[in-house]
Amino acid sequence: MSKSSGRILLVDDDEFVLLSIKLLLEPHFASVKTTNNPERIPALFDRDQFDVVVLDMNFRQGDTTGNQGLFWLKKILSLSPDTQIVLITAYADIQVAVESIKEGALDFIVKPWQNEKLLATVKTANLVSQEKQKVRQLKSQQKSLVSALDQRYEPLIGKSEAISAIRKTIEKVAPTEAVVLILGQNGTGKEVIAREIHRHSTRSEGIFMAVDVGALSESIFESELFGHRKGAFTDAKEDRVGRFEAAAGGTLLLDEIGNLSLPLQAKLLTVLQHKKVIRLGTNEPIDLDVRIICATNCNLQAMVKEGKFREDLLYRINTVEITVPPLYDRPEDIPLIAAHFLTRFSQKYQKPYLKLAAPVITYLQQYRWPGNIRELQHALERAVIMCEGEQLTAEDFGSFQKQMAGDFMFDHLNLEKLEAWAIRKAIAKHSGNISHAAEELGLSRGALYRRMETYGI
Ligand SMILES: Nc1ncnc2c1ncn2[C@@H]1O[C@H](COP(=O)(O)OP(=O)(O)OP(=O)(O)O)[C@@H](O)[C@H]1O
């Protein structure tokens, strides 16, 4: 007979009862302890953990109310909420039994007991207790995983008007359950923004999950998002929870939503309309308990006009819209973001002394950054690796250097932007020497300083 791992405590004022139950349970559990005095319960719990307590309901001679049992039941649950309690009494009182179960006891046994029934009850209680402990452990693991996963992600850095306005929108929209649509080019920080919304929402203790729905083929879309039951299709070897269920209590980012085919758009719309998902191979709808955020680099309005995106789906997902401008439209964010990545990569590559001189920052502000912040991040990492001195130089940016030097923002014909660009370029060319830059620009030093102030350079 293999012993289960259960730790059992027997509490009864009758020594004979204690002995006979101990002899009955001992062969089946890892440890069976006894006490004839319930006052010792707190001290016993101080020393040991118990999975199951078999507890008498009446300790004083003549007391048949069960009140003492109820008192100790509550006490044990307050000391150890996962411990399961089986009450035992000589007086079969259905009222007390019902009350004790309401108060959290698992079951109720009447003296004289049947050995088989008592053993089966304690075994069940032990299983329930261990499952509860497992769930608690998984929950705490999940909590630390959530915070560990979160740490990998950047805070939303930037002081441009656009980013300040986005921060305000996040503050307003995060506490609501509104579906948010985040628009912007690749690498502009759409996921960072989605995470900020999650972090400021009432679901922040839950998980944040991002799914690139655009990359899901028709064949796996439903099983990936809605889940399936074993045998629902040939490859369904076991039950699988879909992303909508896995992110329950948290936030689900449906990324690249503009790349969904029309049939899949229809399936997604049905889920969002009914707020229910049905796992493949089942008929049971499961309530959605997830905050939805969508993101795309596509122009969904234009796609609706071309018949490539469902208008009804667009109106389901764009209760609040956030548009993230490309990085070259907010050069004032570049120094902050660059400094942030410099700190990160100089630590990673053990070069904590590295500095970014003003002319190099100006130089970074001239480039068009088609890959936006992701590209800036990679450029900084490369420069930190390549740098031999204490200051990052334009040369450390290697292949970017050429592109940057020759890059001209031809798509900007706005005169102010062109002027700001020319000023940055001249300052960078003369390594921050304002007199030389002013001379090259055909301006006095004073005029150049005034313009630099105007453009926040
Ligand atoms: N404002 C920001 N501050 C700091 N880091 C940022 C910011 N925006 C983006 N990043 C960083 O830039 C990289 C790209 O960001 P993110 O993945 O959020 O962009 P995206 O718009 O979702 O890109 P894609 O469209 O390719 O999925 C990430 O490493 C992210 O941490």
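1. **Helices and strands.** The protein chain holds 19 helices and 16 strands. Both are DSSP runs, numbered from the N terminus: helices are H or I with at least four residues, strands are E with at least two. This is a predicted model, in which local features need pLDDT of at least 70, side-chain atom pairs count only at pLDDT 80 or more, and totals for chains, interfaces and linings use all residues. Residues are numbered from 1 along each chain as its sequence is written.

2. **Burial and contacts.** Of the 457 residues in the protein chain, 33% are buried. A residue is buried if 20 or more other C-beta atoms lie within 10 Å of its own, exposed if 12 or fewer, and partly exposed in between; C-beta atoms are placed from the backbone. Take contacts in the protein chain between residues at least 6 apart in sequence: 70% join residues at least 24 apart. Two residues are in contact if their C-beta atoms, placed from the backbone, lie within 7 Å.

3. **The ligand shell.** Around the ligand there are 19 residues, and Glu-154, Ile-157, Gly-189, Lys-190 and Glu-191 come nearest. A residue is near a molecule if its C-beta atom, placed from the backbone, lies within 6 Å of it. Domain 2 (153–325) and domain 3 (328–454) each give at least three residues to this shell. The domain bounds come from an automatic or database domain assignment. α7 (190–199) and α15 (372–386) each supply at least two.

4. **Helix α13.** Which residues of α13 are buried? They are Ile-334, Ile-337, Ala-338 and Phe-341. Seen down the axis of α13, the buried residues fall within an arc of 95°, so they line one face of the helix. The arc is that of the directions from the helix axis to the C-beta atoms. These buried residues pack against β15, α14 (358–366) and α15.

5. **Positive phi.** Just after α13, Gln-350 takes a positive phi of about 50°. Gln-350 sits in the loop between α13 (334–348) and β15 (355–356). With 7 C-beta neighbours inside 10 Å, Gln-350 counts as exposed. Lys-275 has a positive phi too, near 55°. Lys-275 lies in the loop between α10 (262–274) and β11 (276–278). Lys-275 is also exposed, with 12 other C-beta atoms within 10 Å.

6. **A cis peptide bond.** Lys-111 and Pro-112 are joined by a cis peptide bond, with omega about -5°. Pro-112 lies in the loop between β5 (107–110) and α5 (115–151). Most peptide bonds are trans.
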